[in-house]
Amino acid sequence: MKDNFKALVVREENGEVSHAIENISADMLSEGNVIIKVAYSSVNFKDMLAVQTKGGVINNYPMIPGIDLSGTVVSSGSDKFKEGQEVLVTGFQTGMTHTGGYSEYARVPAEWVVALPEGLSLHDAMVIGTAGFTAALSIMTLESKGMSPDKDQQILVTGASGGVGSVAIQLLKESGYKNIHALARDESEAEKLISIGATDVLLARDVLPEKPKVLDKQKFHYVLDVVGGEVASGLLPQIYYGGSMSMCGNAGGIKFNSTVMPFILRGVSILGVDSVNFPIEERDAIWKRFAGEWHIMSQAIAKDVVMEELSEVFKNIKAGTHTGRHILKIV
Ligand SMILES: NC(=O)c1ccc[n+]([C@@H]2O[C@H](COP(=O)([O-])OP(=O)(O)OC[C@H]3O[C@@H](n4cnc5c(N)ncnc54)[C@H](OP(=O)(O)O)[C@@H]3O)[C@@H](O)[C@H]2O)c1
């Protein structure tokens with residue numbers, strides 16, 4: 001491990017939060033029994049929030065953000081991992097209260113680390129990252145309520161051009177689903193979304209009523225929602241009898257309005273999805289699916305960036321103009 005290395009550091013002064021690339025030493029890394037030489041990280045919505053004043057993600061400064069990382073073990077105090085082994089980390093407190101992936105080195109508890117499965121590269125793992133992992137969890141939870149590629153069902157993915165949404169479309173396509181509708185705000189994304197597996201692209205202004213009805217015409221059996229806010233409010237009354245909506249995000253706001261009617265008259269379910277504290281024991285099996293049946297990385301909407309380009313990516317995510325996944329190349 002080098003004595004001094006590069007990291008993106010978020011600092012707070014007089015209530016204002018700023019970030020900059022700094023030359024730091026291992027003293028600045030949070031405690032943990034596994035040290036990882038980071039190869040790649042990625043940029044998620046939450047990483048953008050982490051560098052904002054009152055972003056609600058970091059509360060102890062200075063902090064190194066980056067909720068995802070992949071790399072090689074440099075030293076390990078755990079029997080589960082050995083020096084030279086390739087691993088990945090997503091979620092838990094990484095990049096929040098514990099220094100994260102926007103650094104040449106990371107130090108984390110072994111309980112957060114997943115061994116990189118055979119068939120997946122360190123770069124592949126970050127094309128997926130928290131966004132893709134959350135897309136997978138959303139699909140799995142909808143499947144637990146009856147969504148199936150063997151049935152003739154209409155499936156809608158919201159926030160389709162973003163990280164979670166675009167990977168969700170690819171995973172649904174790869175799993176054999178047929179009626180995959182992508183909800184986007186801008187038609188310029190349509191061609192790209194169809195190329196990754198969407199059957200068609202619906203524009204939010206055409207699908208969402210100005211004022212949500214208590215019960216609307218039934219159009220979708222399953223909705224994989226990443227946007228929340230008015231988007232989720234407008235879609236819930238459009239879900240078929242017995243259908244479900246998974247909710248993982250708040251890109252469109254944390255408030256959500258509904259009456260009890262979709263639940264008590266149509267038996268509709270809302271299914272919450274959390275990737276952050278998802279049990280470590282169950283993660284290996286999901287990452288192995290990304291190495292096999294869900295190996296979608298070569299068609300993903302993904303772009304590599306270096307640390308110097310992160311501020312621009314954060315700006316675009318904040319403005320809602322960013323598309324797909326951004327992979328931070330550390331090496
Ligand atoms: N629960 C969890 O464990 C978990 C894990 C990962 C992410 N998330 C959450 O999931 C959401 C998406 O994350 P991400 O990394 O995919 O973000 P992202 O890449 O920025 O994608 C979000 C997408 O939502 C749409 N959108 C953005 N602002 C909007 C607005 N004001 N109104 C309507 N639509 C808007 C945009 O898609 P279009 O332009 O196509 O409409 C955008 O591309 C975030 O809220 C994030 O915090 C939660």
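## Ligand shell

A residue is taken to be near a molecule if its C-beta atom, placed from the backbone, lies within 6 Å of that molecule. The structure described here is a predicted model. Around the ligand there are 32 residues, of which Gly 159, Gly 162, Gly 163, Gly 249 and Gly 252 come nearest. Sorted by class, this shell holds 13 nonpolar, 14 polar and five charged residues.

Both domain 1 (5–116 + 301–329) and domain 2 (131–272) contribute at least three residues to the shell around the ligand. Among the helices, H1 (45–50), H2 (122–143) and H3 (163–174) each provide at least two residues of that shell.

## The parallel sheet

An open sheet is formed by six strands in the order E10-E9-E8-E11-E12-E13, with parallel pairing. From one strand to the next, the twist averages 20°.

Strand E9 (residues 179–184) and strand E10 (residues 200–203) run parallel and are joined by four bridges. Within this pair, Ala 182 of the structure stands opposite Val 201 in E10.

## Strand E11 and its partners

Which strand is largely enclosed by the rest of the structure? Strand E11 (residues 220–225) is, because six of its six residues are buried. E11 runs parallel to E8, and three bridges join the two strands. The bridge partner of Val 157 in E11 is Leu 224.

E11 also runs parallel to strand E12 (residues 239–247), with five bridges joining them. For Phe 220, the bridge partner in E12 is Ile 239. Between E11 and E12 the chain crosses through helix H6 (residues 229–235), in a β-α-β crossover that is right-handed.

## Backbone features in loops

A cis peptide bond links Tyr 61 and Pro 62, with omega about -5°. Pro 62 belongs to the loop between H1 and strand E4 (68–76). Lys 54 is found in the loop between H1 and E4 as well. The phi angle of Lys 54 is near 55°, a positive value in a residue other than glycine. Is Lys 54 buried or exposed? Lys 54 is exposed, because 8 other C-beta atoms lie within 10 Å, and a residue counts as exposed if that count is 12 or fewer.

Asn 14 lies in the loop between strand E1 (5–13) and strand E2 (16–24). Its phi is near 50°, again a positive value in a residue other than glycine. Asn 14 is exposed, having 4 other C-beta atoms within 10 Å.

## A buried loop residue

Thr 323 is located in the loop between helix H9 (310–319) and strand E15 (325–329). Thr 323 has 21 C-beta neighbours inside 10 Å and therefore counts as buried, the threshold being 20 or more. Thr 323 and Pro 262 are 61 residues apart along the chain, and their C-alpha atoms are separated by 32 Å.

Notes: Residues numbered from 1 in each chain as written. Predicted model: local features only at pLDDT ≥ 70, side-chain atom pairs only at ≥ 80, totals over all residues. Nonpolar A, V, L, I, M, F, W, Y, C, P; charged D, E, K, R; others polar. Domains from an automatic or database assignment. Pairing = 2+ DSSP bridges. Axes fitted to C-alpha atoms, helices over the stretch in contact; angles between N-to-C directions. Right-handed = clockwise from strand over helix to strand, strands pointing away.
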